[in-house]
Amino acid sequence: MGGSNPTGEWGGRKVERMGLTICVLGSSSQGNCTYVGTDTTALLVDAGFSARETLRRMEEVGLEPARVQGILVTHEHSDHTQGLGVLHRRFGWPVYANSATADKVDRMPLFEEQPILWRIFQTGQHFRIGDIEVESFSVPHDAGDPVGFRFGAGGVRVGLVTDMGMATTLIRERLRPCRALVVEANHDEDLLKNSGRPWSLIQRILSRHGHLSNGALAELLGEIGHGQMTDVFLAHLSEECNKPELACWEVLRALQSRRQSHIRIHLTYPDRPSERLTIEPEKADGTGTP
Ligand SMILES: [Zn+2]
Ligand SMILES: [Zn+2]
């Protein structure tokens, strides 16, 4: 476990700082929402908690609603979208998704009566919101057109992929240059296989379009970890089929064996925000600012 970087104030006070700040407001199969921001731009990725709960967590970490400039949606599953409609209507925050995800969300009963005014992007497209460069890329998962995101600002890149059945070559390529990651450590394979869940569900989770295991994430990080990668948040942990200490242990073991033990591992939680980190640009001498 790593400690957080000392950072300045959020909210009302202007802070001179470069780089990207990350805070996972909550993550599990019950709900997902992550803040990514700079001093001037605040984005949410997914809105998987009720509007009230999202606002409660934002307040807890000092993120004012007036600062939010958009919600980016990875895919239509309700643990990523259930607060979307109310937040969109109440605050007018623009909602960004690709057309397949937008279509699927529009057909959900929750959204039929008050549809969302989407801002549609094409998967793979780069676009800018405020001072953050956003790039989406395809991930394998049982949804319409699920994506991961890479964010760039002030010379820092941060990657986010939660629901993914496997770490494809594309995912590895997109995440490799990042200084920090939010990535899925969904389940321990043994706990999942012995969970007593229906075999069809177990097969779905284990499939190429399901969710990433601790072991598969450890292998991914062992391969793409590098000297300038400083922090990894473990996300979307199954409450029944994983244990935080198991996920951390597997990942740390893989990083150690690849001589990448400088990378700090951070947990995310179903019921509360993670620590928030500001990832600063590397110094000119290339030493980074861990
Ligand atoms: Zn999910
Ligand atoms: Zn999903």
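Colleague: How many bridges join strand β10 to β11, and in which direction do the two strands run?

Modeller: This is a predicted model, and in it four bridges join β10 (residues 156-161) to β11, with the two strands running parallel. Since a pair needs at least two bridges, β10 and β11 are called paired strands. Within this pair, Gly 159 stands opposite Leu 181 in β11, and β10, helix α6 (residues 169-175) and β11 together make a right-handed β-α-β unit.

Colleague: What lies between β11 and strand β12?

Modeller: Five bridges join β11 to β12 (residues 231-235), again with the strands running parallel, and Ala 180 stands opposite Asp 231 in β12.

Colleague: Why is β11 called largely enclosed?

Modeller: Five of the five residues of β11 (residues 180-184) are buried, so the strand is largely enclosed by the rest of the structure. Both of its faces are covered, with Ala 180, Val 182 and Glu 184 buried on one side and Leu 181 and Val 183 buried on the other. In a regular strand the side chains alternate between the two faces of the sheet.

Colleague: How do you know whether Ala 47 is buried or exposed?

Modeller: The cut-off for a buried residue is 20 or more other C-beta atoms within 10 Å, and Ala 47 has 26, so Ala 47 is called buried. Ala 47 is found in the loop between β3 (42-45) and α1 (51-60), and beyond four places in sequence it touches Cys 33, Thr 54, Ile 71, Thr 81, Gly 83, Leu 84 and Leu 87. Cys 33 is 14 residues away along the chain, while the C-alpha atoms of Ala 47 and Cys 33 are separated by 5.2 Å.

Colleague: And is Glu 112 buried or exposed?

Modeller: A residue is exposed if it has 12 or fewer such neighbours, and Glu 112 has 10 other C-beta atoms within 10 Å, so Glu 112 is called exposed. Glu 112 lies in helix α5 (residues 109-112), and its C-alpha atom is separated by 33 Å from that of Asp 131, 19 residues apart along the chain.

Colleague: What makes β6 and β14 edge strands?

Modeller: An open sheet of seven strands has the order β6-β5-β4-β3-β2-β1-β14, with mixed pairing. β6 (118-120) and β14 (276-279) are its edge strands, as each pairs on one side only, and the twist averages 25 degrees from one strand to the next. Inside that order, seven bridges join β1 (residues 20-28) to β2 (residues 31-37), which run antiparallel, and Ser 28 stands opposite Gly 31 in β2.

Colleague: Which residues touch the most other members of the largest nonpolar core?

Modeller: That core has 69 residues, and those touching the most other members are Ile 22, Ile 71, Val 158, Leu 217, Leu 221 and Val 251. Helix α9 (residues 214-224) gives the most to this core, with six residues. Leaving aside neighbours within four places in sequence, Val 158 is in contact with Leu 20, Ile 22, Val 36, Phe 151, Cys 178, Arg 179, Ala 180 and Ile 279. In soluble globular proteins, nonpolar side chains tend to be buried together.

Colleague: What is the mean pLDDT of the protein, and where does pLDDT stay under 50?

Modeller: The mean pLDDT is 92, and 91% of the residues reach 70 or more. Over residues 1-8, however, pLDDT stays under 50, and the model has 14 contacts beyond four places in sequence for them. Residues 286-290 also have pLDDT below 50, with nine contacts in the model beyond near neighbours in sequence.

Technical notes
Residues numbered from 1 in each chain as written. Chains lettered and ligands numbered in written order. Predicted model: local features only at pLDDT ≥ 70, side-chain atom pairs only at ≥ 80, totals over all residues. Contact = placed C-beta atoms within 7 Å. Axes fitted to C-alpha atoms, helices over the stretch in contact; angles between N-to-C directions. Right-handed = clockwise from strand over helix to strand, strands pointing away. Core = buried A, V, L, I, M, F, W, Y, C linked by C-beta atoms within 7 Å. pLDDT = per-residue confidence, 0-100.
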